[in-house]
Amino acid sequence: MEPIAISGFKESIHRFVRYVLGKRFEDATKRDLFNAVSSAVRMLLIDIAMDTEKRYEQSDAKRMHYLSIEFLPGRLLSNNLINLGIQERCREILKTMGIDLDELMEYEPDPALGNGGLGRLAACFLDSLATLDMPGFGYGINYDYGLFKQSIMGGEQRENPDFWPNRSSPWLLARSGERCMVPVYGRIEVSEDRDGEYNPMWVDWKLIIGRAHDIPVAGYGGRTVNRLRLFSAWAGENFDMQVFNEGDYFRAVEEKIQFESISKILYPSDSQEAGRELRLVQEYFLVACSVNDIIRLYLKHHDGFDQFSDKVAIQLNDTHPALTVAELMRVFVDGHGLEWDRAWEITTSTLGYTNHTLLPEALETWPVSIVERVIPRHLQIIYEINRRFVAQVKKRFPDDPGMVESMAIILEGGEKLVRMANLAIIGSHSVNGVAAIHSELVKTRLVPDFYRLWPHRFNNKTNGVTPRRWLLAANPGLAGLVTEAIGDGWIKDLEQLKGLEPLVRDSGFLDRFSQVKRANKLRLAGIIKKTTYVDVDPDSIFDIHAKRIHEYKRQLLNLLNIVHTYFEIKEDNRTPVSPRTFIFAGKAAPGYVNAKLIIRLIHGIADVVNSDPDVNQWLRVVFIPDYRVSLAEAIIPAADVSEQISCAGMEASGTGNMKFALNGALTLGTLDGANIEIADRVGAENIYIFGLTVEEVDAMRNHYNPWDYIDNNPGLGRVMNAINSDLFCKKEPGLFGRLYDSIVNQGDYYFNMADFYSYVEVQNRVGLNYRNRVGWAKKSLLNTARIGYFSSDRAIREYAREIWNIQTLERG
């Protein structure tokens, strides 16, 4: 890596404090100093970004634009210092100024721009695009509050505003001259053009203004800086002055408040129609701003649209940006006068769609009535796309009316719905899943008729994670040990970690590898003590289940095993072979009752287990609140066991499984998502697989009875009776009856009972294996050594080569 010059770095910090903050240096707070240092780093990023843009313009490069409703970049100061290669030089300069860089970095809030794996994958992809010197850019929304900040009171999740300084962050560059005008509501007025052709006019619309802000995205090596462009929603400049003067001040600014709520929070609750409408407006706002900006950038250097799909690729990250199909058609046909067929050819050649779910209920649908009210012209376009597509299907499959019913964009019968996944598939030239099994299930279970029609459109792109964030930055102890052993080439070529394999026979290296893990566990133990007031033993197994709380992810199955283990110690007088600390983290959607009850149950079990002197030297349970990227960077390097136990056929891929394995955790999981590919890579002896397969779940679905398992297994019956009793909810009797009913009386949709004893057995094997610390260290090291395939750099190369057709453009 060529060293980046940072002469004048100290002077830039002093100037910021004096001339931007108006303070003497000795009066600056730690937060002031964080902003000053970040500003100095930002100056370096801007210089490289300008050079990058010049390089792209000179080569007239094809650009890829990644549309996602969420991004989770994490803290940016440390990431930028690492990717620019100046972290240690910066640390030394700050030390001469009496500033501790590590202390300073703790003052940075996580950007509240996402929720979970979808947003973190998007951030990993942007990191890889810049590292690979590819012209790829992100488009999202500049949320004020993100999802929510989670706190726990009495074992219950509380949602608080997750404010971050999105108007004053040192990483956000306001692009005041690049506003997007977004029309919403109104009506369609039928008219004819000069040639007598049908010419619908969208009239009486209201205007939202999208204001752009950029976050620079530095690639490792400091050669390329791309951008994540985020839009804030603003109302038009005017409000009703007459109403204001009449004294009705709130009604005068009502529209301003309504429109600016669009970028307030991620995923507003859709339990009421007003919330659903706000969600739709939010998704359209993202799409309209992004398309407006992409076309504006294209037309700066090109006349007409004949080259559009040769110069522009757009990737839809799940169904949230699916309206891009209709918006591109609107802009091409209504705004630029293209013929429909030509506009459709350009649209489908430009767009790619990534599916992220196999759960039918997670595939977005919108009532036609809401779409018509919010974006009436787009509904017309969607109906026309649907009409032409249905005619195509009928012609191709004249004897199969079921094909039309399953594939049409408009779901007829009862309340008419717009099916966004169908719109995205029909409007894209590529449809990909995110793990090998997921992509097969998309073709065979989720949308088999689309695969029958267009088999060539479907492909797999297994997810990946960036090693810069998830090993180099998150686990500096392990990163340093790896670099000492095999050099630093792994940072950009993760497959080079294979060079660690011979070291499983080096007892000295294994000892140092284990010392790094223990240091990370000590650090996490300190965080647990500070946030939950629970003492945990760093020499116990750190068994970690950190992900969004959802029934299909089966935190509940984990809890059933904990209760089972508790009774074995307490009532059966069985001593575990290894002490265990079960660590949970994750947020439940505010309206998801059962997920929030699972959080209550975690705390109820923790209260009983942790306070029982007969048990607590062998078993501890903790829940770390407010899971986010910066917390994950402390949790993941400390894990001994990574819980990836979703019901088979439910998880698309997962990326947490990859991050944990990269940091030497052993996966305990089902044959679901990317677990299957991880098992193939790390070896069956270095992973703990249990439970039903996808095929077995499908075969059992129609005749599965959870009572068959409860009645025939006294240990399981004891556990379920405890859940239904008041043992874990003495202050609120009957609290967990709903969870009990979801299993025993409502069919146990996620097969907790069927997988219970297989899960208990594999947990027992984990405990036995952990007693052999050398053998465990070997398994752990081989996970790190063999996980190189799951780099986001590999994934991006596949997308670039097979979907986007974009190239690496290195600095000359």
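Modeller: A residue counts as buried when its relative accessible area is under 20%, and the model discussed here is a predicted one.

Biologist: Does Leu 132, in the loop between H6 and strand S2, count as buried or exposed, and at what relative accessibility?

Modeller: Leu 132 sits in the loop that joins H6 to strand S2 (136-141), and it touches Asp 793, Ile 796, Arg 797 and Thr 808, leaving aside residues up to four places away in sequence. Since the cut-off for buried is under 20%, Leu 132 counts as buried, its relative accessibility being 8%.

Biologist: Which term, parallel or perpendicular or oblique, describes H10 relative to H12?

Modeller: The axes of helix H10 (residues 273-299) and helix H12 (residues 324-335) come within 10 Å and cross at roughly 45 degrees. That angle makes the arrangement of H10 to H12 oblique.

Biologist: Which kinds of residue make up the contact of H10 with H12, and how many are there of each?

Modeller: From H10, Tyr 284, Val 287, Ala 288, Val 291 and Ile 295 meet residues of H12 that include Leu 328, Val 331 and Phe 332, as well as Glu 327 and Arg 330. Sorted by kind, the residues of this contact are eight nonpolar, one polar and two charged.

Note on methods:
Residues numbered from 1 in each chain as written. Predicted model: local features only at pLDDT ≥ 70, side-chain atom pairs only at ≥ 80, totals over all residues. Heavy atoms only, no water. Axes fitted to C-alpha atoms, helices over the stretch in contact; angles between N-to-C directions. Helix = DSSP H or I, 4+ residues; strand = E, 2+ residues; numbered from the N terminus. Parallel < 35°, antiparallel > 145°, perpendicular 65-115°, else oblique. Contact = heavy atoms within 4.5 Å. Nonpolar A, V, L, I, M, F, W, Y, C, P; charged D, E, K, R; others polar. Buried < 20%, exposed > 50% of the residue type's maximum accessible area, 1.4 Å probe, protein only.
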